[in-house]
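Biologist: I would like to go through some terms used for this protein and see what stands behind each one. Please set every value against its definition.

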Amino acid sequence: MWGLFFVSAAIVALSLFLPSFLLLRGFRLDGILAISAAPLVSVAMYVLLGMLYSQLGISSSWATLFLPLVTFSILVLVYGNRKRLLHAPCRCGLSEWGKSSYLPALRSETVVFFGYLVVGVVVSTILFVWFLGSPDNYAQEYDNISHLGSIQSFVRSGIWSPFASSLYSSLEDAAINPLPASGFYPTAWYSVAAMAATATGVSAAFAENIANFVLIAFVFPSSFYLFMRVVFDENKRVVLAGAACMMLFSAFPWMFLYFGPLYPNLSAFCMVHGSAALFIALLSRGECLKDKISCLFVVSLCSLAFSQPNAVFTVAVILSPFCVWMASRVPLSVKGLKCHRRIVCIRVAFAVLALASIVLIWMAFYHASFLQAVVQHEWPAAFSRREAFEDAFVLGFMARGSQIALALLVLAGAAATLIERKYLWISFSYAFACAIYVVDSYSDGPLQHILAGFWYTDPWRCAAMASLIGMVLASIGLWALGCLLERLVHAISNRAASGKCGFAIATVLVLALIVATVYPGIAVPGSQTGDVAFRTVVGGIRAVNNSSAVYEKDEKLFVQQVKAIIEPTALVINVPDDGSAFAFAADGLRTYYRYTREYDIPEETAESKLIRNSLCQVADSVDVKDAVRKIGATYVLQLDQGQPNLDRTYLFTYEGGVKWRGVDAIRDDTPGFEVVLARNDMRLYKITAI
């Protein structure tokens, strides 16, 4: 199974990188820019193709998406090379790297890029794949019902549009959806997972693990590399330090693998750095290819919006101080301003104007009607004000622990930006993100919604956002510490440190950082537990992916027997909170109820209300018979028959079963039902009253 896992991961990674790399090369973009930005384009292209296919009635799959896109990209590449659209590839203002004195073996930025990928693959394998247990294990958590169900629905229906996303996507299922609704929902992560499923035939759970591995091991490192390469083009040592720091923050990407789990947000945040890098290149680089970089940036924003829209606001948090800084530099290009005091005043005025504009735009989106359901989402405070500050300071970020060594490195990086002031905006970005997290963690008032509303006022998402910027400061801190140690060696030996000495210093620093950050032995005195953040994360990933707390092993086996007995298209009425929501999502049983918690609302169909409340009366009630006939149900599944909450496992959304009395009340002697399969407290009934 693991061989299939890594083969499938290679296919998905190739699907995300190859077509858009060829496409961007066809537009004469430099190779390193093209390959690092490729996933930002591919994600948007696949979602747009899925939208187009849904309108044309074409079934989406790996073959129908990848093959046309790669063919088109090859044609563009051939045409671009023949016509010589530009005399030389555009490097987006990046300088060519020569031989490195820091690591003598490094002679090319391409090697550094693939070094990032190697780090991503190795660390992801150790911290994620290792603790999966099996490639088809999955988290039995509330959000994962929707994640797995959407993948299942994508594969079964072939409809991959974000405007038609549902666990009832096929025409047959849409007709019986108990909660019909329409609107936009970000589906890029589902598309990536569905590509894995349709390319190799793996299950939905198998496919979601492949998607997460590819995103963390390949897409995130390439995006982070692009950011580091653009921002620190003149300092290759900081870029090298980034490879050591990008995977060490517990809040991202690791926390998203077990809390929620927040897989769509994971996919979006994996691309945030790349999108921010394109914007920075657009404003701070030469004029060689402004139009194409602008288009590339817009496409990257589409990828973020199709993955999780709050990633667009995350980019805004990262870039806001940069925009203010760039605005303050505008007067420096105006001729005739010779008075130093006058220039300072004008620069301050431009900076204030830029800041005011950002605030106005922020508030405009906050009051936008289409975002009200998001920004007004309630999330209770997790800490007191003091605890929230402490948690942010030690990089605990909701992990019930700390990362002291990494926190000190971030502080060192922030201090270094006071010296290298062209990077000072990064410290302000980090301070802004931490402020959002702190307010979100301790506050329940309007300020919480204004600052953190775009992230559902969810402190876990805000913590991940702060980590995205923190890893940049940690990279600066690691570089600064290396420079300091080199100077100490020089002072002690009274001669300049050689290349070998520099390499040794870098190696020792990186190893010490990894041990101090990952090894679970450091804790803040007086903290809530003695664990470091990574112990919480690793334990959480292991526990959540090896749990059968709700959908138990014997219930899974029972569902497999049910699938072998009934017709593949038969509709089965169920209580989703007893674990049978995963019967569709993970095992593909065509159940009627696939969501949890959203019932007894105005949008629910009349048939669903009758079935939930009165199905047990089907033999005597004409209305109930008509409702069952209308949806075409023929079976009833119970995985936890008996009195609610008595030694039985339900999802927290069950709420005592008050919404499921009509299904829960069915017994072996209930008129209108015939026992087809029985084991312990599990039953499959055939509805005989219709």
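Biologist: Which backbone oxygen lies 2.7 Å from a polar atom of the side chain of serine 157, and what makes the pair a polar contact?
Modeller: The backbone oxygen is that of serine 153. A polar contact is a pair of N or O atoms within 3.5 Å; within protein, one must be able to donate a hydrogen and the other to accept it, and residues adjacent in sequence count only if both atoms are side-chain atoms. The distance here is 2.7 Å, so the pair falls within the 3.5 Å limit. The side chain of serine 157 also reaches the backbone nitrogen of isoleucine 159, at 3.1 Å.

Biologist: What kind of model do these values come from?
Modeller: The model is predicted: local features need pLDDT of at least 70, side-chain atom pairs count only at pLDDT 80 or more, and totals for chains, interfaces and linings use all residues. Residues are numbered from 1 along each chain as its sequence is written, and side-chain values use heavy atoms, with hydrogens and water left out.

Biologist: Why is serine 157 called buried?
Modeller: Its relative accessible area is 17%. Buried means under 20%, exposed over 50% and partly exposed in between, with a 1.4 Å probe and protein chains only, so serine 157 counts as buried.

Biologist: Where is serine 157 found, and what makes that stretch a helix?
Modeller: Serine 157 is in helix H5, residues 142-157. Helices are DSSP runs of H or I with at least four residues, strands are runs of E with at least two, and both are numbered from the N terminus. The protein comes to 27 helices and 4 strands.

Biologist: Which residues does serine 157 contact, beyond its neighbours within four places in sequence?
Modeller: They are Ser169 and Ser170. Contact means heavy atoms within 4.5 Å.

Biologist: Which backbone nitrogens does the side chain of glutamine 140 reach?
Modeller: One is that of valine 550, at 3.0 Å. The other is that of tyrosine 551, which lies 2.7 Å from a polar atom of the side chain. Val550 and Tyr551 are also among the contacts of glutamine 140 outside four places in sequence, including Val544 and Phe582.

Biologist: Why does serine 467 count as buried?
Modeller: The relative accessibility of serine 467 is 0%, so it is buried. Serine 467 is found in helix H20, residues 459-493, and leaving aside neighbours within four places in sequence, it is in contact with Phe249, Ala251, Phe252 and Phe397.

Biologist: What span is expected for H18, and what does it reach?
Modeller: The expected span is 1.5 Å times one less than the number of residues. H18 (residues 424-442) has 19 residues and reaches 28 Å from first C-alpha to last, close to the 27 Å expected. H22 (residues 533-545) has 13 residues and reaches 19 Å, close to the 18 Å expected.
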